[in-house]
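Please examine the sequence and the model shown below. A report for a new reader follows them.

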Amino acid sequence: MAQTVALSPTSQRNIISRLWNDKESRSVIIQIITISLVFAFMAYIIHNAVVNLQAIGKGFSYNFLWQPSSYDINQHLIDYNSRSSHFRAMMVGILNTILIAICGIVLASVVGFVLGVLRLSKNWIVNRLAYCYIEYVRNVPVLLHILLVHGLIVHAFPVPRQAISIGDVTFMTNRGIFSPKPLYEPLFLVVIALFLLGLGFMWWFKRYAKKVQDETGQRYPVFWIGLAAIVGLPLVSFFLLGSPITWDVPELKGFNFAGGMVVRPEFIALLLALSLYTSAFIGEIVRAGILGVYYGQTEASYALGINRGRTLSLVVIPQALRIIVPPLTSQYLNLMKNSSLAVAIGYMDIVATIGGISLNQTGREMECMIIVLTLYLVMSLIISMIMNWYNRRIKLVER
Amino acid sequence: MFKSLKIGVITTLLSFAVFSANAATLDDVQARGELNCVVTTGLAGFAAPDENGRWDGFDVDFCRAVAAAVLGDGEKVKFVPSTGKTRFTLLNSGEGDILFRNTTETMSRDADLKLTFLPINYYDGQGFLIRKAYGVSSAKDLNGASVCIQTGTTTELNLADFFRANDMKYEPVNIETNEEGIANYSGNRCDAYTTDASGLASTRAALDDPSAHIILPEIISKEPLGGAVRHGDDQWADIGKWVVNAIINAEELGVSSANVGEMCASAGDNPSINRLCGTEGDAGSWIGLDNKWAVRVIEQIGNYGEIFERHIGPNTPLALERGLNAQWTDGGILYAAPIR
């Protein structure tokens, strides 16, 4: 009976102070407080937005997505015109962002790896040149790079009537680079099928060759057979089928070139600026990765009689990649997110379409910004996922 | 007991705080002693800082006129520069009290974006600016052209409609600000630049050699430009509305900054002028101001004709004719409701 009597005030205080002094329960308490504060803050923000939207009489609705967008977009990878819906305009924007992200990541990686290697070169001039380049590029804001490259293209390249002609089929102007566009005939599908077949064969053959080598030590000329399967077979069939491609060559009509394909200056400017900027960071990451592999490994490899190239590809790079990949992921994410600066030069990405013109025409700021934020989040998470998967694949397998 | 009372009081105060942002803009402005006016980031003749950093222009004068009526001093304005994209958000979020940013009145903006438009202060239409060297004389000859557009305007919609209706192709180059647009146009990234004809005149005047460029004769849209305020504060909307009307009426009645002192010194024979001057009737109290509100506007800013001549008229670099913007008595369509 005495035990179940309510605790006296002093023992109550004792419990609180005991809980607080206990390391584990204290951390639980702090976590609970932090989480409730975070949620309270978010609830306040959302409540505030809802109240304010109601106060000016604006509901929250995504119905506008199915209305005609009524504006045109110069670069669209899918069919689009001013009668298409805002949703389709958004898809055009997403594809343009994905296009710039993929091209940018590839170019930045290539240039970055080269820079990293040049930076380690024993040749003093090469080494210093790479150093100066990296220091200049990464210390100037990327927006300035974008405006600078765009300005250079627009002002340095000629207008369409004075286009720089390359063999009369490709034309360089300040409106973009116009080149012939392939028009595929039905038979071309055969070539594509053979190419895919070649890829499949190669995948199998590589494993088979490795198995044979592991078992018997016999080596197949994998590279040459692969080349024949992937490139040779489709190429031969292409000519046997009588070149089932015709070319739509651009020609000057009135103000601009008509027909063909065009790479617009906005795309070129954004691609160059973003990838050159990011490549400077990647260069430093690569250098750090290579330097992070203990030099004794290289010496040991040489001592075993393995030549320089194979030492690099079999000993140094696999280990360097483990250091390189995690920070590289951040750089890829940065590049993708920086592509939103496209709006400064009029490249029609997500921000310029759904987060720009659509937003402005419909006045649905909340709805459009939520879409834009979600899209960037999803794309970032996808890049992270791919890179994490790659990271797991190359990491040290411990036995 | 006391605790719950305290919470009750605090929540009531908080909910008041939320709603007071929307009511009684006049009180807020007078308490602040400054009018926040949303203008463009820079469009010569309409709103741009001059060499001394003082904002100047046609739209700017309407901001100053409202400040003169409400605060007694046309200098008490804080200008909030906005792009085509941010202007309505700035107004709706309360960063600005009123907007004068060569903004086209449309149904969706009025009803869906929850704006209340003030009377039209400039009747405009969308046109094309192009190099003379092309030898193009009509917008119908623009097939295949690259056209620079300032995004976030009704302009890109009109442009899409115009080219579609005339079965022509074009390449739109969407530019965020007028400055970027000029840079792209002068760099020959685009063959033509399109926006409201008044904006084109302003852009043309800012080019290196204005005479090498022409504005094509076609006007492809109706662009009634006017100021705007948020929905939900009718008194504030009335103030904006009648300041604009007073400026237009003053010109019609022949009251200008030069003669306002004399004409409004005492009640004369013309009742319309007397009502404008506040020497007869009680118009000021209807909008929550004193009776000299219009006199202050005309004294400090001038009437419509003066504002027009000062910033965009034939003697300015923009060299715009009055055209549609002449008084209805002079063959234009400027026709302000009477103050009575």
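## Basis of the report

This is a predicted model, in which local features need pLDDT of at least 70 and side-chain atom pairs count only at pLDDT 80 or more, while totals for chains, interfaces and linings use all residues. Residues are numbered from 1 along each chain as its sequence is written, and chains are lettered from A and ligands numbered from 1 in the order in which they are written.

## Chain A

Chain A holds 12 helices and 8 strands; these are DSSP runs, numbered from the N terminus, with helices being H or I of at least four residues and strands being E of at least two. The radius of gyration of chain A is 29 Å, well over the 21 Å that the globule rule gives for 399 residues, so chain A is more spread out than a compact globule. This radius is taken over C-alpha atoms, and the globule rule is 2.2 Å times the number of residues to the power 0.38. Along the principal axes, the C-alpha atoms of chain A fill a box of roughly 100 × 70 × 45 Å.

Of the 399 residues in chain A, 29% are buried. A residue is buried if 20 or more other C-beta atoms, placed from the backbone, lie within 10 Å of its own, exposed if 12 or fewer do, and partly exposed in between. Among the contacts in chain A with a separation of 6 or more, 68% join residues 24 or more positions apart; two residues are in contact if their C-beta atoms, placed from the backbone, lie within 7 Å.

## A sheet in chain A

Chain A contains an open sheet of 4 strands in the order β1-β2-β3-β8, with antiparallel pairing. Two strands pair if DSSP finds at least two bridges between them. The edge strands are β1 (164–166) and β8 (261–263) of chain A, each pairing on one side only.

Strand β3 (residues 176–179) of chain A pairs with β8(A) in the antiparallel sense over 3 bridges. Within this pairing, Phe178(A) has Val262(A) in β8(A) as its bridge partner. In general, strands of a sheet pair through backbone hydrogen bonds, either parallel or antiparallel.

## Chain B and its domains

Chain B has 14 helices and 12 strands. A compact globule of 340 residues would have a radius of gyration near 20 Å, and the 22 Å of chain B agrees with this. The C-alpha trace of chain B spans about 75 × 65 × 40 Å along its principal axes. Buried residues form 49% of the 340 residues in chain B.

The domain assignment of chain B, whose bounds come from an automatic or database source, gives domain 1 (6–124 + 224–330) and domain 2 (126–221). The centres of these two domains of chain B, taken over C-alpha atoms, are 30 Å apart. Between them, 19 residues of domain 1 of chain B are in contact with 17 residues of domain 2 of chain B. On the domain 1 side, β5 (98–104) and β6 (115–124) of chain B each supply at least two residues.

## Contact between the chains

The contact takes 33 residues from chain A and 35 residues from chain B. The elements of chain A that give two or more residues to its side are α2 (23–55), α5 (142–156), β7 (256–258) and α11 (353–362). Of these, α11(A) gives the most, with 4 residues.
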